[in-house]
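User: Please take a close look at one part of this model and describe the side chains there in a connected way. Start with the question below and go on from it to related places.

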Amino acid sequence: MSQFQPYSIYGIIGYPLGHSMSPLIHTTSFQDYGIPAVLVPFPTPPEEIPTLFKSVRLLNIRGLCVTIPHKQTIIPYLDEVTEHVKKAGAANLVYWDGDKLCGDNTDIVGFMEPLRAKNLPAEYKKVLLLGAGGAARAAVVGLQDLGYTDITVTDIVDDLPQSLSKEFNLKTVAWQDRSKVEAQIIINSTPLGMTGKFEDQTPYEQTWFKGKGIAYDIVYTPYNTRFRQEAEKAGWESISGREMFIGQANAQFKIWAGKDLSERAKQAVIDALAGK
């Protein structure tokens, strides 16, 4: 009689969590590789983070994906973090290394891959970053690694861009003046456009897109955000947050399982976002 092997539990924490594709992509990959594990949502209000991390240690939760608004606030609850976390000041992955609970930031790798693949024209030098939270920090690290130095950041919360700009030597602009910034790459790292209460919103209006450029939306649900649709109507190219999501999830799965995501898992997300 074969010995019963209990499932390993992984989770995703954020608040709210209705939009997440992480359970689908990771659990499908665990199934395809015959790994007895499942990734489940843990909607966690900010005030419950201390209790959540006590539970992770007590119940031996094997790993966490981390999303809005916890990417910075979880760091004090970890034993060690990678250089990527130190550079970005944000973590989107929790994993065990022996008896140490560690943090990494796979958003940086996930963010860079679609831009690198586009092989953008050399004249695309100026970047406008909309939003200055945890995802924005990963974007800045990735942009600077790719050689972009002319980056302007803005946020509806006035003090967020100031701290980001001091840390990474960026320009800032007031949220109400964001349409005045000349840029060939515009990145949405705000929740505006995300499935739920912000879905019909965009951080940048269609009439503000000038000339040619590329609009990169970190939001991946829905697939066709208003931000991307309006950019394309204005003649700009766009990158979906789907590419970043799959890239960062692949890096997470490699840390947890030592393998790339299964092709079926990646296709499951593509199909789900296409409404199939």
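Are Tyr10 and Trp256 buried or exposed?

Analyst: Tyr10 is buried, and Trp256 is buried as well. The model is a predicted one.

The two residues also form an aromatic pair. Their ring centres are 4.7 Å apart, and with 50° between the planes the pair is tilted. Tyr10 belongs to strand β1 (residues 8-14) and Trp256 to helix α8 (residues 241-257), so the pair ties together parts that lie 246 residues apart in sequence. Tyr10 and Trp256 are members of one aromatic cluster, together with Phe30, Tyr33 and Phe253. The model has 11 aromatic pairs.

One member of this cluster, Tyr33, also has a charge over its ring: the charged end of Lys259 sits there, 5.2 Å from the ring centre. A further case is Tyr223, whose ring has the charged end of Arg228 over it, at 4.8 Å from the centre.

Another lysine, Lys71, is found in the loop between β3 (63-66) and β4 (80-81). Its relative accessible area is 11%; buried means under 20%, so Lys71 counts as buried. The side chain of Lys71 makes a polar contact of 2.7 Å with the side chain of Asp107. Asp107 is also among the residues in contact with Lys71 once neighbours within four places in sequence are left aside.

An α-helix has 3.6 residues a turn, so residues three or four places apart point the same way. Just after α6 comes Asn169, with a positive phi of about 60°.

Notes: Residues are numbered from 1 along each chain as its sequence is written. This is a predicted model: local features need pLDDT of at least 70, side-chain atom pairs count only at pLDDT 80 or more; totals for chains, interfaces and linings use all residues. Side-chain values use heavy atoms; hydrogens and water are left out. Helices (H or I, at least four residues) and strands (E, at least two) are DSSP runs, numbered from the N terminus. Rings of Phe, Tyr and Trp (its six-membered ring) pair if their centres lie within 6.5 Å; planes under 30 degrees apart count as stacked, over 60 as edge-to-face and the rest as tilted. Buried means under 20% relative accessible area, exposed over 50%, partly exposed in between (1.4 Å probe, protein chains only). A charge sits over a ring if NZ of Lys or CZ of Arg is within 6 Å of the ring centre and within 35 degrees of the ring normal. A polar contact is a pair of N or O atoms within 3.5 Å; within protein, one must be able to donate a hydrogen and the other to accept it, and residues adjacent in sequence count only if both atoms are side-chain atoms. Contact means heavy atoms within 4.5 Å.
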